[in-house]
Amino acid sequence: MILIQGFNYLFGSFFNKQKVVISNSLNYLNRKRDINRNYLDHVRLATLELVAEEINKKGLQGAVAELGVYKGKFARYINQYFPERDFYLFDTFEGFDKKDIAAELNNNFSSGAQDFTNTSVEKVLAIMPHAKQCIVKKGFFPETAKGLKEEFVFVSIDADLYDPIYNGLNYFYPLLKKGGYIFVHDFNNDGYKGAKQAVKQFCKENNVSFTPIPDACGSAIIAK
Ligand SMILES: C[S@@+](CC[C@H](N)C(=O)[O-])C[C@H]1O[C@@H](n2cnc3c(N)ncnc32)[C@H](O)[C@@H]1O
């Protein structure tokens, strides 16, 4: 008995991992394709693809956006799955803003110390499969959204910190078409506690519901 318990203790987590089933292709969409090993978060990427399929199938009209682009790792797939749509890219492209960091520290949400300065608009556009669809909004959000008249069908909010996430939800949700989706990254990331707070606060104030998903860092999805 003790021997078996010892074996389970040592090797249990290894064998349990083998029970995780990851669909290696979206066969249910009649597409045979291996998991994309260049992008390590299969759940997030596959969910984006399924959501894009729903939006495009419904024939919804509208743009797509990402707030928090950094080097464009996720953005390139948004651009790929929505090849014909205007794609707004919101980022300082110079890392977090001091104002947002101060709010993080005041509320004990995060240290705001992660460095996202080593990027540029040129580098991001260079990896976009349909760069001509991209409209870059460089600078501090929400100021960069002023005067923009647009409706959206899909928005990714990946700005890490409470203020830009909360402001992003307040800005994008009213402009989201019925049938559209917002992904908020880091909902279940203890390193950025403000992300969950921002989603919960916005959803409570606006009587909106969300679905947490088990991708890396735990995104929350808001569907309209
Ligand atoms: C985690 S990174 C984004 C990662 C990216 N989505 C990816 O796929 O790799 C967070 C980004 O949010 C941006 N950001 C945070 N607050 C912002 C604000 N108020 N205005 C503009 N950009 C902001 C930062 O500059 C940083 O590039």
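Predicted model: local features only at pLDDT ≥ 70, side-chain atom pairs only at ≥ 80, totals over all residues.

Residues are numbered from 1 along each chain as its sequence is written, and side-chain values use heavy atoms, with hydrogens and water left out.

**The ligand**

Select the ligand and the 19 residues around it, of which Gly 68, Asp 91, Asp 100, Phe 141 and Asp 158 come nearest (a residue counts when one of its heavy atoms lies within 4 Å). By class, this shell holds nine nonpolar, four polar and six charged residues, where Ala, Val, Leu, Ile, Met, Phe, Trp, Tyr, Cys and Pro count as nonpolar, Asp, Glu, Lys and Arg as charged, and the others, Gly among them, as polar.

Next, show the polar contacts, that is, pairs of N or O atoms within 3.5 Å. A polar backbone atom of Gly 68 lies 2.8 Å from a nitrogen atom of the ligand; an N or O atom in the side chain of Asp 100 is 2.8 Å from a ligand nitrogen, and a polar side-chain atom of Asp 158 is also 2.8 Å from a ligand nitrogen. Taken alone the ligand exposes 600 Å², of which the protein buries 94% (Shrake-Rupley method, 1.4 Å probe).

**A salt bridge**

Now select Lys 138 and Glu 94, which form a salt bridge with their closest N and O atoms 3.2 Å apart; the term requires a side-chain nitrogen of Lys or Arg within 4 Å of a carboxyl oxygen of Asp or Glu. Lys 138 belongs to strand β3 (residues 134-138), whereas Glu 94 is in the loop between β2 (87-91) and α4 (98-107), so that the pair links distant parts of the chain, 44 residues apart (helices of at least four residues and strands of at least two are DSSP runs).

**Two backbone places**

Most residues other than glycine have a negative phi, and most peptide bonds are trans. Select Phe 141 and Pro 142, where the peptide bond is cis with omega near 20 degrees. Finally, go to Tyr 70, which has a positive phi of about 50 degrees although it is not a glycine.

Technical notes. Polar contact = N/O pair within 3.5 Å; in protein donor to acceptor, adjacent residues only side chain to side chain.
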